[in-house]
Amino acid sequence: MLVSVIIPTHNRPERLAVALQSVRTLDFDSRQLEVIVVNDHGSPVDDVVEEAGRYMNVQLIDQPSQSGPSAARNRGLEVARGEFVAFLDDDDVFSPQHLAGTLPLLRDGADLVYVNINIARTRVTGTTIDDAEVFVRLDFPFDRGLLDVTNHFAPSAVVCRSPRSAGAFFDTALSVEEDWDFFLKLAHGHGYRVVHQPQVAIALHRIPGVDSLTTPTSDDIAALKTYEDNWHLICERWPATTERAQQVRRFMPVMYQMAYARLEAGVPLDHHYYERTLQVLYRALGDPQPSPEQVEDELRAALDGR
């Protein structure tokens, strides 16, 4: 039972080395593991991959031009030989239990398993992940309604049955939220059974003063608008599966309008506004259902960092 780990990377060789080290420290038989690093036309990483190759089966693919993380992940999927696929971004870190904790669920009938996400404010490795300074944890049980409303887990948190045989790939036309579209494609389009593994967590780094993909959305209207535009496009592509989810979807445009008003007034959003928004939307999907006014008040608080 081979597992393929696909790692897209671009201009972060030092971070890639740490990500690969976290793969090496997995509590898993390395003979059943292949690692595919896809360099998205960034700075050379041959020496990093060569070093990791002393301990693991690592393949390097150099993209001829920069095409984005979706194209890089798709290239990895095209060559992956594993029955199961795990994704790892080059700035993220697996915990040692990542595969040992998810594969039993996949063997028992799950098609996609995601683990908790610790958003770390200090740099960690696979062996120090439990010591990370964590400001936010994403530990939502799987809720089809929440997935219909917006994404609540990241590619690095996912291990899944290889989607290549189903013809499922990331949409390279989406500059952001391509991962949400991909997960909806697997769940809605291909009937993947999604399961949450709450005993395992991976680390996503969100360090103050260090740029990340989501950093510009905290203070840039144009960057935030790209996320909203793609959110609407994906909602049109994948209709909500329940009336409750359809109702809660209406709060996302409300949140964006609140955010634009703050930014136009020169007030940046809380650095973790999205994670806080997720908590509000998760509560809105539950019972008893809060009033629209209460949800909007909670969204304002989320944008404020409260």
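This is a predicted model: local features need pLDDT of at least 70, side-chain atom pairs count only at pLDDT 80 or more; totals for chains, interfaces and linings use all residues.

Reader: What makes α10 and α11 roughly antiparallel?

Author: Two packed helices are described by the angle between their axes and the distance between the axes. Here, α10 (residues 273-285) and α11 (residues 292-304) have axes that come within 8 Å and cross at roughly 160°. The cut-off for roughly antiparallel is over 145 degrees, and the two helices are therefore given that label. As for handedness, the crossing of α10 and α11 is right-handed.

Reader: What kind of peptide bond joins Asp287 and Pro288, and how do you know?

Author: Omega is about 0° for that bond, and the bond is cis. Pro288 sits in the loop between α10 and α11. For background, most peptide bonds are trans.

Reader: Now for the rings. Why is the pair of Tyr114 and Phe142 called edge-to-face?

Author: Two values matter here. The ring centres of Tyr114 and Phe142 are 6.4 Å apart, and their planes make an angle of 70°. Rings pair if their centres lie within 6.5 Å, and planes over 60 degrees apart count as edge-to-face, so this pair is edge-to-face. The pair also links distant parts of the chain, 28 residues apart: Tyr114 is in strand β6, while Phe142 is in the loop between β7 (134-138) and α5 (144-149).

Reader: What makes the pair of Phe140 and Tyr282 tilted?

Author: The centres of Phe140 and Tyr282 are 5.2 Å apart and the angle between the planes is 55°. Stacked requires planes under 30 degrees apart and edge-to-face requires over 60, with the rest counted as tilted. The value of 55° leaves the Phe140 and Tyr282 pair as tilted. Phe140 is in the loop between β7 and α5 and Tyr282 is in helix α10, so this pair ties together parts that are 142 residues apart in sequence. Phe140, at 7% relative accessibility, counts as buried, whereas Tyr282, at 28%, is partly exposed.

Reader: How many aromatic pairs does the count come to, and which residues do ring pairs link into a cluster?

Author: The count comes to nine aromatic pairs. The cluster linked by ring pairs holds Phe87, Tyr114, Phe142, Phe153, Phe170, Phe182 and Phe183.

Reader: Phe170 makes me think of its contacts. What does Glu178 touch, and why does Glu178 count as buried?

Author: Glu178 is in helix α6. Leaving out residues up to four places away in sequence, Glu178 touches Pro69, Ser70, Arg73, Phe170 and Asp171. Its relative accessibility is 7%, so Glu178 counts as buried.

Reader: Which residues of α4 are buried, and what covers them?

Author: In helix α4 (residues 98-107), the buried residues are His98, Leu99, Gly101, Thr102, Leu103 and Leu106. Their cover includes β1 (3-9), β2 (33-39), β4 (84-87), β6 (112-120), β8 (158-161) and β9 (194-205). Just after α4, Gly109 has a positive phi of about 125°.

Reader: What makes the phi values of Asn11 and His41 worth noting?

Author: Most residues other than glycine have a negative phi. Asn11 is not a glycine, yet its phi is positive, at about 60°. His41 is not a glycine either, and its phi is positive, at about 55°. Asn11 lies in the loop between β1 and α1 (13-24), and His41 lies in the loop between β2 and α2 (46-52). Asn11 has a relative accessible area of 44% and is therefore partly exposed; His41, at 46%, also counts as partly exposed.

Terms used
Residues are numbered from 1 along each chain as its sequence is written. Side-chain values use heavy atoms; hydrogens and water are left out. Buried means under 20% relative accessible area, exposed over 50%, partly exposed in between (1.4 Å probe, protein chains only). Helices (H or I, at least four residues) and strands (E, at least two) are DSSP runs, numbered from the N terminus. Contact means heavy atoms within 4.5 Å. Axes are lines fitted to C-alpha atoms, for helices over the stretch in contact, and angles run from 0 to 180 degrees between N-to-C directions. Angles under 35 degrees count as roughly parallel, over 145 as roughly antiparallel, 65 to 115 as roughly perpendicular and the rest as oblique. A crossing is left-handed if the near helix is turned anticlockwise from the far one by less than a right angle, and right-handed if clockwise. Rings of Phe, Tyr and Trp (its six-membered ring) pair if their centres lie within 6.5 Å; planes under 30 degrees apart count as stacked, over 60 as edge-to-face and the rest as tilted.
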